[in-house]
Amino acid sequence: MSKSSNPLSTKRRILRDAIGIGIGVATYGLSFGALGTATGLSLFETQLLSLIMFTGGSQFALVGTFAAGGGAISAISAASLLGVRNLAYAVRNNSLMKPTGIRRIFAAQLTIDESTAMALGHEQGADGVAGAKYAFWATGISVFVFWNIATLLGAVAVQMVGDPNTYGLDAAIGAGFIALLWPQIKTKFAILTSLAGAAVAIAAIPFVQPGIPILLAGFVATLFAWIKAVAND
Amino acid sequence: MTEFFWPVVIASLIAFAFKIAGFLVPRAILEHDLFKKIIPLLPVGMLSGLIAVQVLAVKQAIVFDGRVAGIVAGIVALIFRAPFIVVVIVAAAVTAIGRAKGYWI
């Protein structure tokens, strides 16, 4: 992917992709803002979720549960189940970036699917860890800014936007994650881990609450890495 | 302030607690040999699971719809070494055009 070793062009390419991701998720931010106020949350409460919770799946789960008439406990549980995976991402981003002081708090808050995947996707590039760090911060900040502006716009102008899926954005997000994962799955072992994680997640979908299939995929990856480590000793 | 205020605050703090917990894992543990082998593979497995769920799940049902066509188109673009933005646009376009023409939902 990276034929040029010119660091400026690499950074520029990462920044372009980060902004593209920000604009893509913003369309869902509009929907989220609209759903929030339509459900009966105040503008402030809706915005608070995008600022503090800042993990899209959990935000939709919380508000969606309220919209469906669910209570506080089930709404908080649904949101939290979808948020647990950020813990695993955070451990990984911590070991990659080793931030200290206040940067630790910012890095934690910006740890989401998109920023983690961008960091992962650029670790194998010409810039290695430096490129991965830049990709993390650029994507995290881009998504945070676009997501929050979009939430506000959606919350103020409820019926303004149609369904993002009309524009194929649901497929775009999946394809984006595949593109970011692509450079990481070159060895047979990584391909096997990726396929096993996907297979276990798919098999689990009908039987467990949303959020858990992704955790099971992480469990499979952990198991694979552990078995490999033991086998190599 | 509505009836949703406290659930919003509590759920937001739980979400942040998960994130910060990962950044408070001591360096010594992160540098442990077994951990160093597991940590890089963890997001590979989880993002693979996330992709599978995003492409096939509607709540707790498995649904083959326009997303699958877009993903296949995106993978073809990747095989031809298309850059990130192109992969994403190809996937969105195939899914959106097929939906507009009624080939899939």
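This dialogue looks at chain B of a predicted model, and then at one of its residues, Arg67(B).

Reader: How many helices and strands are there in chain B, and in what order do the elements run?

Author: Chain B holds 5 helices and 2 strands, and when the chain is followed from the N terminus on, its elements come in the order α-α-α-β-β-α-α.

Reader: What does the radius of gyration say about chain B?

Author: The value can be set beside the one for a compact globule of 105 residues, which would be near 13 Å, whereas chain B has 20 Å. The C-alpha trace of chain B, taken along its principal axes, spans about 55 × 50 × 25 Å.

Reader: What share of the residues in chain B is buried, and what share of the contacts between residues at least 6 apart in sequence joins residues at least 24 apart?

Author: Of the 105 residues in chain B, 46% are buried. Of the contacts in chain B between residues at least 6 apart in sequence, 40% join residues at least 24 apart.

Reader: Where is the place of Arg67(B), and is Arg67(B) buried or exposed?

Author: Burial is judged by counting C-beta atoms within 10 Å, and 20 or more make a residue buried. Arg67(B), which has its place in helix α4 (residues 66-79) of chain B, counts as buried because it has 27 C-beta neighbours inside 10 Å.

Reader: Which residues is Arg67(B) in contact with, leaving aside its neighbours within four places in sequence?

Author: With those neighbours left aside, Arg67(B) is in contact with Val55(B) and Thr95(B), and also with Asp170(A), Ala171(A) and Gly174(A). Val25(B), by contrast, is 42 residues from Arg67(B) in sequence and 37 Å from it in space, C-alpha to C-alpha.

Conventions
Residues numbered from 1 in each chain as written. Chains lettered and ligands numbered in written order. Predicted model: local features only at pLDDT ≥ 70, side-chain atom pairs only at ≥ 80, totals over all residues. Helix = DSSP H or I, 4+ residues; strand = E, 2+ residues; numbered from the N terminus. Rg over C-alpha atoms; globule rule 2.2 N^0.38 Å. Buried ≥ 20, exposed ≤ 12 C-beta atoms within 10 Å, placed from the backbone. Contact = placed C-beta atoms within 7 Å.
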